[in-house]
Amino acid sequence: MDDSTSNEFHYTQYFQDDSEEYLITLNTLTYTVDKYSLNSGEMVKRINIPMGGPEGITGNVLQGLTYSSPDSIFVFVRGNINGSICIDEDGNFVHKLSPDRNKLIDHGLINHVSTVPNPTFKAGNKLHFVRYSLGDLYNPSELNKKFPITLEYDIESNELSFDSMNTYPDLYLDKIWPFSDTDYSRSAISATKYLVSWPLMDSLILFNKSSNTLDHISAKSKYFKSNPQDFKIKPNEEQDNELVLSNYRYGDVHYDWYNKLIYRIVRHPLKDYKNKTAWPAVNEQNFSIIVMSQNFEIIHEVDFPGNQYSPYLIIPSKAGLMLFRNNIFDETVSEDRLVVETFDLSKPI
């Protein structure tokens, strides 16, 4: 990597074109989309993002990308969908996202994310987003059935809509939880079906957009031993962090389109959790990965060491599951290169 590239790779996705495989990442330092060959390990293209003006990004804070094809690369702004754009691999303007304000969804801001745990994906003519609350999540009233966690942007009609059933689960309602326990991960298993993983729930939630139904899929770790514990009053930062770091927590869920597998991350407790914050201490935690078939049968659970891989940067590929060696607690990590290891988790290793 060059001097203008961070090895964090927060906004990254995998793309396969015939026999070639790529990592596509949003570089927020250079305002570019960088394309790396997984065969050579080299950057093969740096695409300049138009900034400002009628055909450029509105504002200068970027928040993710969706690489649909060489002719359709969506770059998103933080805190809103309005002002994001679509470009091609030559950096040419294709489309600006400028939906009319939907008063049922936002109050001028939409706290969407387009990260590795929660990628924004394109299906048909729609972009599918995940969003988070902008309210005080220590206030039990914020965790309610009136806040849909997923929404769509229709490219042709230029309209926003939301999935009214896909909200906070019953377990979370009317209680005070550690802040990071209100995080969630969403992965698409088809154009109309999502899997959602919540930190405190043994089951995955399967949301079917076609039938507008929710189902609970058993995905329990062999390690998870503690019952969900809420707070009776708003915790201080130390109480919040200690509860999270001293117990098992479920993490991200990923669907492997190539090998038809489902992966669910499980974060293990830290033995020494005093005076530490959930971030960055999550990178110290050992973790395991529950591997499931596309029929939701658990195949096995595989252990990985802490201080080595990034638990938030795990991406399925044709060859298997890619784990990134950019853990901030790994003293061998180089700022000049990013090491990616691929695991075939379809069978015991």
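Trainee: Which residue stands opposite K35?
Mentor: K35 faces K45, a residue of β4. Keep in mind that this is a predicted model. The strand β3 (residues 32-37) runs antiparallel to β4, and five bridges join the two.

Trainee: What is the strand order of the open sheet of four strands?
Mentor: The order is β1-β2-β3-β4, with antiparallel pairing. Then look for the edges. β1 (12-17) and β4 (43-48) each have a single partner strand, so one side of each lacks a neighbour in the sheet. On average, neighbouring strands here are turned by 25° against each other, ignoring direction.

Trainee: How many bridges join β7 to β8?
Mentor: Three bridges join β7 (residues 85-87) to β8 (residues 93-96), and these strands run antiparallel. C86 is opposite H95 of β8. Five residues lie between the strands of this hairpin, and G91 has a positive phi near 80°.

Trainee: What about backbone angles in residues that are not glycine?
Mentor: Most residues other than glycine have a negative phi, and most peptide bonds are trans. Now the cases here. N158 is not a glycine, yet its phi is positive, about 65°. The loop between β12 (150-154) and β13 (159-162) holds N158. F296 is not a glycine either and has a positive phi of about 70°. Its place is the loop between β20 (287-293) and β21 (298-304). F296 has a relative accessible area of 23%, so it counts as partly exposed.

Trainee: Which peptide bond is cis, with omega near 20°?
Mentor: The bond from W279 to P280. P280 is part of helix α2.

Trainee: How do I read the buried side of a helix? Which residues of α1 are buried?
Mentor: List the buried residues, then ask what they pack against. In α1 (residues 237-245), D240, N241, E242, L243, V244 and L245 are buried. The buried residues of α1 pack against β18 (249-256) and α2 (278-281). Check the start of α1 too. There, a side-chain oxygen of N236 comes to within 3.1 Å of the backbone nitrogen of E238.

Trainee: Next, the rings. How many aromatic pairs does a search of the whole structure find?
Mentor: It finds 21 aromatic pairs. For each pair, read the distance between centres and the angle between planes. F76 and F129 are 5.1 Å apart centre to centre, with 70° between the planes, an edge-to-face pair. The pair links distant parts of the chain: F76 is in β6 (residues 72-77) and F129 in β11 (residues 126-131), 53 residues apart. Both F76 and F129 are buried.

Trainee: Why is the pair of F121 and Y194 edge-to-face?
Mentor: The ring centres of F121 and Y194 are 5.9 Å apart and the planes stand at 85°, so this pair is edge-to-face. F121 belongs to β10 (residues 121-123) and Y194 to β15 (residues 193-197), so the pair ties together parts 73 residues apart in sequence. F121 has a relative accessible area of 16% and is buried. Y194 is buried as well, at 0%.

Trainee: Which residues do ring pairs link into a cluster?
Mentor: Y132, F147, Y168, Y172, W177, Y184 and W198.

Trainee: And where does the charged end of R186 sit?
Mentor: Over the ring of Y194, 4.9 Å from its centre. R264 lies over the face of Y250, with 3.7 Å to the ring centre.

Trainee: How do I build a picture around one residue? Is N118 buried or exposed?
Mentor: N118 is in the loop between β9 (112-113) and β10. Its relative accessibility is 2%, so N118 counts as buried. A polar atom of the N118 side chain lies 2.8 Å from the backbone oxygen of Y184. Setting aside neighbours within four places in sequence, N118 contacts V113, V130, Y132, Y184, S185 and R186.

Trainee: Let me try S72. Which strand is S72 in?
Mentor: S72 lies in β6. At 13% relative accessibility, S72 counts as buried. Not counting residues up to four places away in sequence, S72 touches T66, Y67, C86, I87 and K122. Now compare sequence with space. S72 and D88 are 16 residues apart along the chain, with their C-alpha atoms separated by 5.4 Å.

Conventions: Residues are numbered from 1 along each chain as its sequence is written. Side-chain values use heavy atoms; hydrogens and water are left out. Two strands pair if DSSP finds at least two bridges between them. Axes are lines fitted to C-alpha atoms, for helices over the stretch in contact, and angles run from 0 to 180 degrees between N-to-C directions. Buried means under 20% relative accessible area, exposed over 50%, partly exposed in between (1.4 Å probe, protein chains only). Contact means heavy atoms within 4.5 Å. A polar contact is a pair of N or O atoms within 3.5 Å; within protein, one must be able to donate a hydrogen and the other to accept it, and residues adjacent in sequence count only if both atoms are side-chain atoms. Rings of Phe, Tyr and Trp (its six-membered ring) pair if their centres lie within 6.5 Å; planes under 30 degrees apart count as stacked, over 60 as edge-to-face and the rest as tilted. A charge sits over a ring if NZ of Lys or CZ of Arg is within 6 Å of the ring centre and within 35 degrees of the ring normal.
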